[in-house]
Amino acid sequence: MARQVLRRLALMLATMLAASLLLFLLFELLPGNVALSELGPYSTQEQRDLWLVANGYDRPVVIRYLLWLGHFVIGDWGNSRLFMAPVAQIVGVRFENTAVLGFWFFALLVPLSLGLGTLAGMRQGSWLDRAISVLCIVTTSIPPFASTVLISAIFVFSLHWLPGTSSMMDGFSYRQLIMPVMALVLYDFGYIARITRASMAEVMATQYVRAAVLRGLPQRRVVLRHALRNALIAPFTLLMLHVNWLISGVIVVEYFFAFKGFGSLILEASLGKDLYLLEACTMITVFMAAVTQTIADLGYVALNPRMRRA
Amino acid sequence: MSAAGAEIAAEVLPPPSRGLRFGWIRRIGHSKVATIGLLIILFWAVVAVTAPWISPFPPNLPIRPMASAGVRAPNGAVFWLGTDHLGRDILSRIIWGSRTVLVYAPLATACSFVIGITAGLLAGFKRGWIDEALSRITDLVLAFPALVLYIIIISKFGASGINIVLAVTLASSPAIMRLTRGLVLALRTRAFVAAAQLRGEPAWRVMVVEILPNASGPLIVDACLRLGYVVITIGTLGFLGLGLPPPDPDWGGMINDTRKFALVFPHMVLFPCLAVCSLVLGFNLLADGLRELVTED
């Protein structure tokens, strides 16, 4: 087990290093791009050349990469041209907002999708199973950009219950958080619920669960004590891998609701061609993805004893 | 994860056979879900092909701004779904927009599958350093959230149909490679593969003729799901302003252009939304129905 953990951690570091090299080559291989991004399109070639020399961009690529990586590791991420402030500071504030959004997303998603999936998988083929399956397949067919529009049409424009933007101009407000969280959960719960259902149905058909039923144990006990433990292995792995999906999802939802979060920051950085900000944002997403994938893999091994010797 | 993939794969694999198994195509009619999905997709395919004849107005022609559904144009024709903020007929734009989606989504999916299957076959069958190298590249690409990858690529290389296809191929072929690799790992130790090797069949033939047809079921189901997902991706890029350049209609772009007016003119955003959702639903239903048919095989 310990060897497996170490191997997986090494793999995680290697992935992050490779991703950083890829991003560096994409963004900074040609120093001209950096100068263009930092000084803007109206700078002269002479100004850009001077800026490059002054900032050490005349050094060999290998040295520049190592220095860039070093700066990144110690948290010196440069200044954002768009926001006229240190990148680390902006990313910190935005990340915090998205973390709150992400927390409520998972707080709602996990009980809803696992609950529905378990209910449907417990009795395969029942009317409840069919109703849940139809609900899930329809909601997963509504992409986030459409669900934001549709739920706004209902709750904002028709019923006037909720605010249509979540910019939180006058401080944090839970009322403004409802719509973004709802849009994300609506698209996503069906997918997890369906995986849970398939996994649950499979476990319910195994010999040991049938043996438990035949022994005369009450169904509640069979499901909660015997079946769920094994049925939840697959959804757990999936939920961890979902952090990666969430980043894609929040970009759309934050953009629509003008939520000042990490997702909209990535979009602003790339549309505004703010190179240092974009570099920091993408490195953070890769970091988060690599860490959660590692946890998912190790969790899978830890939860499923059959995998330990593999 | 690969071990988990193989575990799942082993359960859905049909018995060995040579040549593609198309039994499930004839039985699509047996699955209500798959039939409904297929009908929805066919509906949009017909709409896309016949766009020049069935669309009542040219898609980019400004006629009468902000007309709601059912209002008549100066020449007497009806705006069935109303017009947008520039006065372009929404029905015509949805009809022409179906062409964008139904050209680029299948094209991008096909490219991803060609690359993903080739890499997966090589990695799963040859093993060794090829497997190691391909798996590490896969890990690397999958470490980027898909939309972040699209945003980086599109904002760096510009928004065009080709770039969207390339970006989707880059982002989705690793997942297809993983799936194929898992299926191949479950198949390569089977007797019919050993028999083919003993007969002296070359490696490519064993991979393409012996192994691939037996792995086709789960791959076809994945292709349907992925088509739906690519439709969402193209819509999302349009919605974020990174889609195809205007003025040609694109469902995601239509939603983004008119969502400012949703408070007063909800029809402008509602109909393109319904168009995207119905097409995605079609692919999801077809995938769901096929999954059961393929497992029966």
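How many salt bridges are counted between chain A and chain B? The count is one, and the views below, taken from a predicted model, start from there.

**View 1. A salt bridge links Arg194(A) and Asp288(B).** Look for the place where Asp288(B) pairs with Arg194(A). The closest N and O atoms of this pair are 2.5 Å apart. Between chain A and chain B there are also eight residue pairs in polar contact, with both residues at pLDDT 80 or more.

**View 2. Chain A meets chain B through several helices.** Helices 1, 6, 7, 8, 11, 12 and 13 of chain A each supply at least two residues to the side that touches chain B. Helix 11 (233–257) gives the most, with nine residues. Sorted by type, the residues on this side of chain A are 30 nonpolar, 11 polar and four charged.

**View 3. Chain A and chain B bury area between them.** The contact draws 45 residues from chain A and 44 residues from chain B. Together the two chains bury about 3,900 Å², and 73% of that lies on carbon and sulfur atoms. Within chain A, the residues that lose the most area to chain B are Ser141(A), Phe145(A) and Tyr255(A), together 16% of what that side buries.

**View 4. His242(A) sits in helix 11 of chain A.** Is His242(A) buried or exposed? His242(A) counts as buried because its relative accessibility is 5%, and the cut-off for buried is under 20%. Leaving aside residues up to four places away in sequence, His242(A) touches Phe106(A), Asp188(A), Tyr191(A) and Ile192(A).

Conventions. Residues numbered from 1 in each chain as written. Chains lettered and ligands numbered in written order. Predicted model: local features only at pLDDT ≥ 70, side-chain atom pairs only at ≥ 80, totals over all residues. Heavy atoms only, no water. Contact = heavy atoms within 4.5 Å. Buried area = accessible area lost by both parts, 1.4 Å probe. Salt bridge = Lys/Arg side-chain N within 4 Å of Asp/Glu carboxyl O. Polar contact = N/O pair within 3.5 Å; in protein donor to acceptor, adjacent residues only side chain to side chain. Helix = DSSP H or I, 4+ residues; strand = E, 2+ residues; numbered from the N terminus. Nonpolar A, V, L, I, M, F, W, Y, C, P; charged D, E, K, R; others polar. Buried < 20%, exposed > 50% of the residue type's maximum accessible area, 1.4 Å probe, protein only.
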